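Please keep the sequence and the structure at hand while reading.

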Amino acid sequence: MSENTHAGWFSGVDPDDLDGTREAIEGGSADEPRAWPALAVESGFAADEDEYYEHLHEATVYATREAVREAEIADDKQLIHAVRAMDDCERVVNELAERVAEWAGSRREDAGTGIEYARRLAQDDASDDPLVSLARRVRDLADETDALRAHVERTAPEVAPNLAALAGPVLAARLVALAGGLEQLARKPAGTVQVLGAEEALFAHLRGRAPSPKHGIIFTHEAVSGTHSQHRGSAARALAGKLAIAARIDHYAGDLRPELEAELHGRIETIQGRDTE
C-alpha cells in the first residue's frame with residue numbers, strides 16, 4: 001500500500017493542485033478498498049464527502065485529459081500524423097497531375113503526363129490561365145509531399161531505430177500508423193504484422209470468399225516483392241518475424257540491434273536462392 005493511502009488517497013495533497021492530485025491517482029495503490037471519502041475529510045483534503053467527490057471528479061477528468069494530450073504528442077503519434085499526411089498529399093497530387101494532363105491534352109500540343117509535366121507547365125507565364133494555376137498547385141503540393149517524406153525519413157529512425165533499419169523509414173512509419181502506435185505494433189504477433197494493410201483481403205478470407213493473404217503492406221519491401229511468387233509467403237513470414245521483434249525492441253529497449261538486419265538479410269538470401277534451384 002502506498003504511503004498516502006494510510007491516511008487517505010489524497011493525504012497531503014492540495015485539492016487545488018491538479019498535478020498533485022493526478023500524481024496521487026496515477027501513482028497511488030491500495031491492497032483493498034477503504035472509506036476514501038471519510039479519510040479525505042479526516043485528512044483535510046475536503047470539507048465533506050460532497051466536496052470530496054467534486055475534487056475527485058475534477059482530478060480524474062484532468063488526469064485523463066493530460067494523459068490523452070501526452071499520448072497525442074508522443075513521438076510515434078507525431079510520426080503517424082506525418083506519414084498519413086504524406087500519403088494523403090501523394091494521393092491527391094497524383095490525381096491532380098492526371099487532371100492537368102487530361103486537360104492539357106485537350107488544348108496544348110506540348111501536353112505531357114505526370115507530376116514533372118505539371119511542374120513544367122507551372123512555369124508558364126499565363127498567370128490567369130486556370131490550367132496553369134492548377135499545375136502550380138500540383139507543383140506546390142508535390143513539394144509539400146517531398147518535405148513530409150524527408151521529415152518521415154528523419155523521424156522514423158529516431159522513433160523506431162530497428163524497425164526503420166529493417167523496413168526503411170517510410171514503411172516503418174506506415175506499419176506504426178496501421179497498428180495505431182509503436183506500443184500497439186510491439187504487442188502484435190508476427191502473423192498480424194505480416195498482413196497489416198491487407199485487412200479487406202483478410203476479412204474476405206474469413207468469410208470464405210478469398211484465399212488467405214500472404215502479406216499486406218510489407219509487400220513493398222524488396223525482401224518480399226523481389227522474391228519469386230512461389231516463395232513470397234516464406235519471405236513475408238521471415239520479414240514479419242524480424243519486424244515484430246524489431247518493434248518490441250524499439251518500444252521496450254530502444255537500442256539499435258544491427259544483428260537483426262544481418263539475420264534478416266541472410267534468411268531472405270536463402271529464400272531467394274531457391275529461385276535458382
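This is a predicted model: local features need pLDDT of at least 70, side-chain atom pairs count only at pLDDT 80 or more; totals for chains, interfaces and linings use all residues.

A residue is called buried here when its relative accessible area is under 20%. By that criterion Val170, Leu171, Ala172, Ala173, Leu175, Val176, Ala177 and Ala179 are the buried residues of helix α8.

**Helix α8 and its surroundings**

- Helix α8, which spans residues 169–179, is mostly covered, with eight of its eleven residues buried.
- After α8 comes glycine 180, which has a positive phi near 95°.

**The contact of α6 with α8**

- The axes of α6 and α8 lie 8 Å apart, and the two helices pack at an angle of about 80°.
- Because angles of 65 to 115 degrees count as roughly perpendicular, α6 and α8 are described as roughly perpendicular to each other.
- From α6, the residues Arg149, Val152, Glu153, Ala156 and Pro157 meet Pro169, Val170, Ala173 and Arg174 of α8.
- Sorted by class, this contact of α6 with α8 holds six nonpolar and three charged residues, and no polar ones.

**Helix α5**

- In helix α5, residues 114–122, the buried positions are Tyr117, Ala118, Arg119, Leu121 and Ala122, and the buried residues of α5 pack against α4 and α6.

**The pairing of α13 with α14**

- Helix α13 (residues 232–252) and helix α14 (residues 258–273) have axes that come within 9 Å and cross at roughly 175°, which makes α13 roughly antiparallel to α14.
- On the α13 side, Ser234, Ala235, Ala238, Leu239, Lys242, Ile245, Ala246 and Ile249 take part, and they meet Leu260, Glu263, Leu264, Arg267, Ile268 and Ile271 in α14.
- The residues of this contact of α13 with α14 divide into ten nonpolar, one polar and three charged.

**The largest pocket**

- The largest pocket contains about 160 Å³ of space, and its lining consists of Ala165, Leu166, His221, Glu222, Ala223, Glu261, Leu264, His265, Ile268, Glu269 and Gln272.
- The elements that give two or more residues to this lining are α7 (161–167), α12 (222–225) and α14, and α14 gives the most, with six residues.
- By class, the lining of the largest pocket divides into five nonpolar, three polar and three charged residues.
- Leu264 and Ile268 belong to the pocket lining and are also among the α14 residues that meet α13.

Terms used:
Residues are numbered from 1 along each chain as its sequence is written. Side-chain values use heavy atoms; hydrogens and water are left out. Axes are lines fitted to C-alpha atoms, for helices over the stretch in contact, and angles run from 0 to 180 degrees between N-to-C directions. Helices (H or I, at least four residues) and strands (E, at least two) are DSSP runs, numbered from the N terminus. Angles under 35 degrees count as roughly parallel, over 145 as roughly antiparallel, 65 to 115 as roughly perpendicular and the rest as oblique. Contact means heavy atoms within 4.5 Å. Ala, Val, Leu, Ile, Met, Phe, Trp, Tyr, Cys and Pro count as nonpolar, Asp, Glu, Lys and Arg as charged, and the others, Gly among them, as polar. On a 1 Å grid over the protein atoms alone, a cavity is a set of points where a 1.4 Å probe fits but cannot get out, and a pocket is an open set with protein on both sides within 12 Å along at least five of seven lines; lining residues have an atom within 4 Å of a point. Grid points are joined across faces, edges and corners, and a volume is the space filled by probe spheres set on the points. Buried means under 20% relative accessible area, exposed over 50%, partly exposed in between (1.4 Å probe, protein chains only).
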